[in-house]
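Have a look at the chains first, and then we will go through them topic by topic.

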Amino acid sequence: MPLVLERRSERSAMIAIASPLIAIALTLATMAVLFAILGKNPLEALDVYFLEPLTDPYSLGEIAVKATPLVMIAIGLSLCYIANIWNIGAEGQFLVGAVAGSWLAVRTNGTDAGHWVLPAMLLLGALGGALYALIPAICKVRFGASEILTSLMLVYVANFGLDYLVRGPWRDPHGMNFPTTADFDPVATVPTLIEGGRLHAGAILTLFVVMAATVLLGRTIMGFEIRLVGAAPKAARFSGFNADKLTLFTFAVSGALAGLAGIIEVAGPVGHLQPDISPGYGFTAIIVAFLGRLNPVGILIAGLFLALTFIGGENAEIAIKVPLDLTKVFQGILLFYVLACDSMIIYRIRFISPLRKPAHANV
Amino acid sequence: MHDLPPQGNSFGTEPLLRAISITKRYGSFLANDGIDLDLFPAEIHALLGENGAGKSTLVKMIYGLIQPNDGELRWMSRKIVLGGPSEARELGIGMVFQHFTLFENLTVAENVALGLDPTESFASISERLKETARLYGLPLEPKREVWRLSVGERQRIEIVRALMQNPKLLILDEPTSVLTPQEADQLFVVLDRLKGEGRAILYISHKLDEVKRLCDTATILRGGKKVATCNPRLETAASLARMMVGADIGEVKAASGRDVSVPRLVIHRLSLEPDDPHGTHLDQVSLEVRGGEIVGIAGVSGNGQDELFAALSGERLSPSEGAVVIDGLAAGTLGVNERRRMGAAFVPEERLGHGTAPRMKLSENALLTGHAASGMVKRGFVDKPATLATVDRTTETFDVRKAKRDPEAVSLSGGNLQKFIVGREILREPGVLVVSQPTWGVDAGAAATIRQALIDLAGRGTAVLVVSQDLDELLEIADRTAVMFHGRLSAPLNAAEVTREKLGLLMGGAKTGEEPDVEEASHAVGA
Amino acid sequence: MQMFEAIMLSVIAASTPLLLAAAGELVTERSGVLNLGLEGMMIMGAACAFAGAYLSGSVVVGALCGVLAGVAMSAIFAFFTLGLAVNQVASGLALTILGTGLSGLIGAGFVGQRITPAPQLHLPVLTDLPLVGRILFGQDAFVYLSVALVIGIWLFLYRSRAGLVLRAVGDNHTSAHALGYPVLKIRALAVLFGGGCAGLAGAFLPLAYTPFFIPGMTAGRGWIALALVVFASWRPGRLVAGAYLFGAVSILQLHAQALGLGIPSQLMSSLPYLATVIVLVLISRTRGIAGSAAPASLGVVFVPDR
């Protein structure tokens, strides 16, 4: 093989900064080719996907609406991933949070409950997500079971659980047999920020979470612990940190954030509980986390970008008859390129001339 | 000093392998400096030297793993240039490494097969393996998985695998460092037999009594140079030790004259199972370090030093709380940070990855050991200016050279990083300091700074424990020195009575530090 | 009698795709590579298999298309993880997302269409035997292939030189490299093989299980197959037992409903996934002293020193 991968002596700062941009550029190029294969004009398609949604205020509001859960979940995931802990079940934690909070909404529906309902719902949502996330965490810490598989399996379980509830015990008796709860009372609804739009207070909460994460990671000893455990586990042990406790903590926090995002989504834009409250936010958030290079502000930007593609995808479906699945394709390709560019920070590609004999390693 | 006239035996008078003025440079560091070596058939030739003397480097060149910068190798009077180990193997050179290349979850036969030519059938390999093993008295069960085997048994696989290729020269790198005395005896029987078959054996070791028992010739390296070639059987252990570690016997450290107070660090019958299967079991280790004194622990690496450090720092908890006592308080079951709060400080052997996080800045690395007890954390928030202040103070006090105020740890040179790591602990004015390999891989200037800092710290009343493979260092700064061997700690010797030879003997496994006569030395170990 | 036969047949049908996918992944993981993209490869196999069968009218062509789709997807994975030393966990996720999306694109035009399903074996006397006749001698080619595959893999791993080398690479890639074996090349081949099996497993669904294609019809089987490999302690023999166990659990809900037990269907549907979690916990616990049975260098990035 004339091409080999070689470790750099020092991380390439240039690529570290440019990496997300390079990845996006490569993805756009690949998408252009895909569009062409599908028989669509590449430039037109790219325009519909990425530029048009930026042109009208309603779209911009929708981008923010979609970005809210993405960013909130991704922030939580980033805490895990920085420490090399793989929470893949954010989608399930999102759903469980939605269910937990909705319980209160359904319970108090039609009664004259006060304004304490919404904050209580949010709290329940976060709590539910956290507890659900602790299941794979405990399985890992106590039993050594792979958190990747356990957290993922629980996504399916959560899905079924939600389905059962909205078709059975929680179904709106006046809802003409649709699998959905009754619409939430106003006290159980997240207030909107702008009249006529769907942009809601959850967005403010998300911004707050971004700021909190920035402070946590950059300024607190907890943030230092998270970064150290991921960067140099032996040094982390020498520093007195307990990897097991950290696993439980990061899972609980990311579960709480995912759960919070879930109940906000249900009590905000959607307005009631139904089976498909998530177009895969929990999974897309994984990509947001990586694209944002596991940095809170980066995640905010990445979240907005990916939300843009969600809206773009919806528009494209109508405007140029491109199936929604293309958005998933785009996300998958983007993640691959982001990972590859990240790898280039540590490694470089070199040509080896066929004349030079590679030295053998130890035997 | 004791050079021999040319040898000869029934297998011929020409050397099988000649190394002529072999030199190997790594940057400005001379690993091997103009080394001559002659290996004859039917001879067991020892390569003696301390860690870092250049033995491994020389041998890797003979096996074709690395190339010399100068000098040449001759095989059967023909000049050779080896492009890799397979070429060496083709010539008939076999090697048994100190760190095996085995597959733990595969069977013995499978491991052997993987190291041999694929054209031979598996059944045939299994048969030959059993035969060869039986023939040489190294019994192996082809169907057993390697992870079940003891280290000695694993080594047999490596040896049999090498033997199955019918080598003319067999190189063994510190083969008995992982063997029990009985297993070592068995190995010697095999080696004698191979010698009887006319093979040449190059035996790398630092164990003097073994070399005297087993080897016909010994070449001694020190600091990359060849010091002597001699007949070990005509030497005493003492004279060999002297050649190995340096001729100046006179460097005995006088009593420090420091005020020594109460024991501030007490290790009491500490026994601990190793974390990983290749580790060393600690066996009833006991030691007292008093305030104001520096106690050294000498020994070849791999005899339990890592495990001891982990038990002292709190990275591993001891079975009983009384096993480690800091300033009178039982600490054996307390964690690292609690021990730091009790005023203890630690410097591990590995600078990058253990003592520091390589890709993090110095200020964060100051936080690494400082967050528990040094006022760098207030209500959960990191006081960044305080961490930077520590960096500045350390830089100034210990002359740490770096490119900017707060660079990544990995960007500092070894010596400067070590000054930072040792400095950040000393600045905390700990009551107890445990430091492992304080000047390993560090330039002379930095080493001097660090050693002086340790002496000064002890002078202020701290109990300092130094684990080191560098005898010069210990002789220079330690008030008392004990030796670690196979997980056991010898009784400490006072500076007044300690000598290089005594330490050398203890490092090689002798029971006491006293210089016995020749017979007693071989009696004491493994006989 | 009738019910026993019916249950066994449905268990076999449910287990076959699990077995096919897990068998391929077992080989991949034995070489030291963790490919979490099984779900994506399987669903691509399903989409392309159906498209191929529909357009060509032949189930064999369809199956081949499925296999090729799996290979192609795994080639992407191999390029990134082996060629560019990218993190395997994240890559597997990317592959799943990509595969799910692509399969939707490809399969979209074929939703609602039907094909003639894969033919089932019919031997003169044997197939008509009472009780076991259809179970043993009346299956479609996929079922027999899955059994043959596992046997073949067993022979490969434990009775062939190449298999020995593969196991060695998975056990200790540093030693293997030191002994001169081309670690990356061996891993790449193992990954491609795993992809082909996953594609075949996916192909089974629209070609034999149901004669039509629905987007997302793999329904998480790829993830269960991954857990299966862990459950089987990376040994082919136990894989068969595990696959059939999981297959049985996954169709339990249909039979439970038929029995009118009144258990919510969603609970039954979530049984396979819950069972997976429980199994993973139990397996990891009992590992304990003997250490993990996983290939020692599983998931560890390997960049050879030069």
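Predicted model: local features only at pLDDT ≥ 70, side-chain atom pairs only at ≥ 80, totals over all residues.

Chain A has 13 helices and two strands. Chain C meets chain A through 43 of its residues, and chain C also has a contact with chain B.

**Chain A as a whole**
- The secondary structure of chain A amounts to 13 helices and two strands.
- With a radius of gyration of 22 Å, close to the 21 Å that the globule rule gives for 363 residues, chain A is as compact as a globular protein of that length.
- Of the 363 residues in chain A, 56% are buried.
- If you take the contacts in chain A between residues at least 6 apart in sequence, 78% of them join residues at least 24 apart.

**Where chain A meets chain C**
- This contact brings together 45 residues of chain A and 43 residues of chain C.
- On the chain A side, at least two residues each come from β1 (3-7), α5 (117-143), α6 (147-167), α11 (281-291) and α13 (325-346).
- Sorted by class, that side of chain A holds 31 nonpolar, nine polar and five charged residues.

**Where chain C meets chain B**
- Here twelve residues of chain C and twelve residues of chain B take part.
- On the chain C side, the elements that give two or more residues are α7 (161-171) and α8 (173-178) of chain C.
- The largest share of that side, six residues, belongs to α7(C).
- By class, the side of chain C that touches chain B is made up of six nonpolar, three polar and three charged residues.

**A closer look at B:Gly296**
- You will find B:Gly296 in strand β13 of chain B, which covers residues 294-298.
- Leaving aside residues up to four places away in sequence, B:Gly296 touches B:Val466, B:Ser468, B:Leu474, B:Ala478 and B:Thr481.
- B:Gly322 is 26 residues from B:Gly296 along the chain, and the C-alpha atoms of the two are separated by 22 Å.

Methods:
Residues numbered from 1 in each chain as written. Chains lettered and ligands numbered in written order. Contact = placed C-beta atoms within 7 Å. Helix = DSSP H or I, 4+ residues; strand = E, 2+ residues; numbered from the N terminus. Nonpolar A, V, L, I, M, F, W, Y, C, P; charged D, E, K, R; others polar. Rg over C-alpha atoms; globule rule 2.2 N^0.38 Å. Buried ≥ 20, exposed ≤ 12 C-beta atoms within 10 Å, placed from the backbone.
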